[in-house]
Amino acid sequence: MNRKIFLTVIAILIVGIVGVTIYLFTNQDKSVSQNEIQPQEEVGDTTMRQTIVTLYYQNKETKELMPEGRMVDSKTLLTDPYATLIGLLLEGPKNEKLQTVIPEGTRVIKTELKGDMVYLDLSKEFIDNHKGGQEAENMTVYAIVNTLTQLNEVNKVKILINGREDQAFKDNKINFKNAFIRIEKGKEDTTKSTSQNATSNMQTNNVTSNTQTNKTTNATSNTQNNKTGSATT
């Protein structure tokens, strides 16, 4: 008799434990489901739509090209990324220690991606209102180039003025016949070399990239050495 009572009690306990377990598991699933849905509703049009881009300006004290992060709507960036980035660049920096190097009055006429190169068509104010000087012109060009080439699909930037490729700054030290490639901070010598190559290319009508120009320079040097008898076989 005692054995039957004992077994009955055990059976009741087992049933109770199973019931409680099922109840807790079911409610936990509901709670998890609710937690999964709620953040999607809250995040939607705010955090998930924002992304950080980098714009380049000149440091007022060091005169170096410096990056500044900026929050931008992801949908806007996807719709027209090149015009969006240049538009933000034209607005000027938020940091008081930085200053824009884009001439006042410059407008974006058109942007277009062909292959890995962005064609950036700017208004004539870009050259008419520039203060001049090779260093300042370099800074202006590479503020644009470094800003656009942060996008994975962009490796080169071709600058046009009112749709024309045969334009240059007023002192003719830098022309826009060739495309420009990205340079990093601390490579000022590369910038100067690029500008000299661009001027040389304007005179000789050779369309080359910076890398090809370096190869050409090396080849020319070797040829000259051969002519003078410096190089022997």
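Me: Which side chain meets that of Glu112 in a salt bridge?
Reply: A salt bridge puts a side-chain nitrogen of Lys or Arg within 4 Å of a carboxyl oxygen of Asp or Glu. Here the partner of Glu112 is Lys110, at 3.7 Å from N to O. This is a predicted model: local features need pLDDT of at least 70, side-chain atom pairs count only at pLDDT 80 or more, and totals for chains, interfaces and linings use all residues. Residues are numbered from 1 along each chain as its sequence is written, and side-chain values use heavy atoms, with hydrogens and water left out.

Me: How many salt bridges does the structure hold?
Reply: The structure holds six. Among them is Asp128 with Lys124, at 3.6 Å from N to O. Glu165 with Lys158 is another, and their closest N and O atoms are 3.3 Å apart.

Me: What are the relative accessibility values of Lys110 and Lys124?
Reply: Lys110 has 48% and counts as partly exposed. Lys124 has 42% and is likewise partly exposed.

Me: Where is Thr111 placed?
Reply: Thr111 is in strand β4, residues 108-114. Strands (E, at least two residues) and helices (H or I, at least four) are DSSP runs, numbered from the N terminus. Thr111 has 17% relative accessibility, so Thr111 is buried.

Me: What is Thr111 in contact with, leaving aside its neighbours within four places in sequence?
Reply: Contact means heavy atoms within 4.5 Å. For Thr111 the list is Asp80, Tyr82, Ala83, Tyr119 and Leu120.

Me: In which sense do β1 and β2 pair?
Reply: Two strands pair if DSSP finds at least two bridges between them. Strand β1 (residues 50-59) and strand β2 (residues 65-73) pair in the antiparallel sense, over nine bridges. Read off the facing residues. Ile52 stands opposite Met71, and Thr51 stands opposite Val72. Five residues lie between β1 and β2, which form a hairpin. In its turn, Lys63 has a positive phi of about 65°.

Me: What is the strand order in the open sheet of three strands?
Reply: The order is β2-β1-β3, with antiparallel pairing. The edges are β2 and β3; each has a single partner strand, so one side of each lacks a neighbour in the sheet. Between β1 and β3 (residues 98-99) there are two bridges. Gln58 has Gln99 as its bridge partner there.

Me: In which sense do β5 and β6 pair?
Reply: Strand β5 (residues 117-122) and β6 pair in the parallel sense over six bridges. Met117 has Lys156 as its bridge partner in β6. β6 also pairs with strand β7 (residues 180-181), in the antiparallel sense over two bridges. There Val157 stands opposite Phe180.

Me: How many residues of β6 are buried?
Reply: Five of its six residues are, so strand β6 (residues 156-161) is mostly covered.

Me: At what angle does α3 run to β1?
Reply: Axes are lines fitted to C-alpha atoms, for helices over the stretch in contact, and angles run from 0 to 180 degrees between N-to-C directions. Helix α3 (residues 81-91) runs at about 45° to β1 and lies across β1 and β2. Helix α5 (residues 134-148) also lies across β1 and β2, at about 165° to β1.

Me: Which residues of α3 are buried?
Reply: Start with the general idea. An α-helix has 3.6 residues a turn, so residues three or four places apart point the same way. In α3 the buried residues are Pro81, Tyr82, Thr84, Leu85, Ile86, Leu88 and Leu89.

Me: What covers the buried residues of α3?
Reply: The cover includes β1, β2, β4 and β5, along with helices α2 (74-79) and α5.

Terms used:
Buried means under 20% relative accessible area, exposed over 50%, partly exposed in between (1.4 Å probe, protein chains only).
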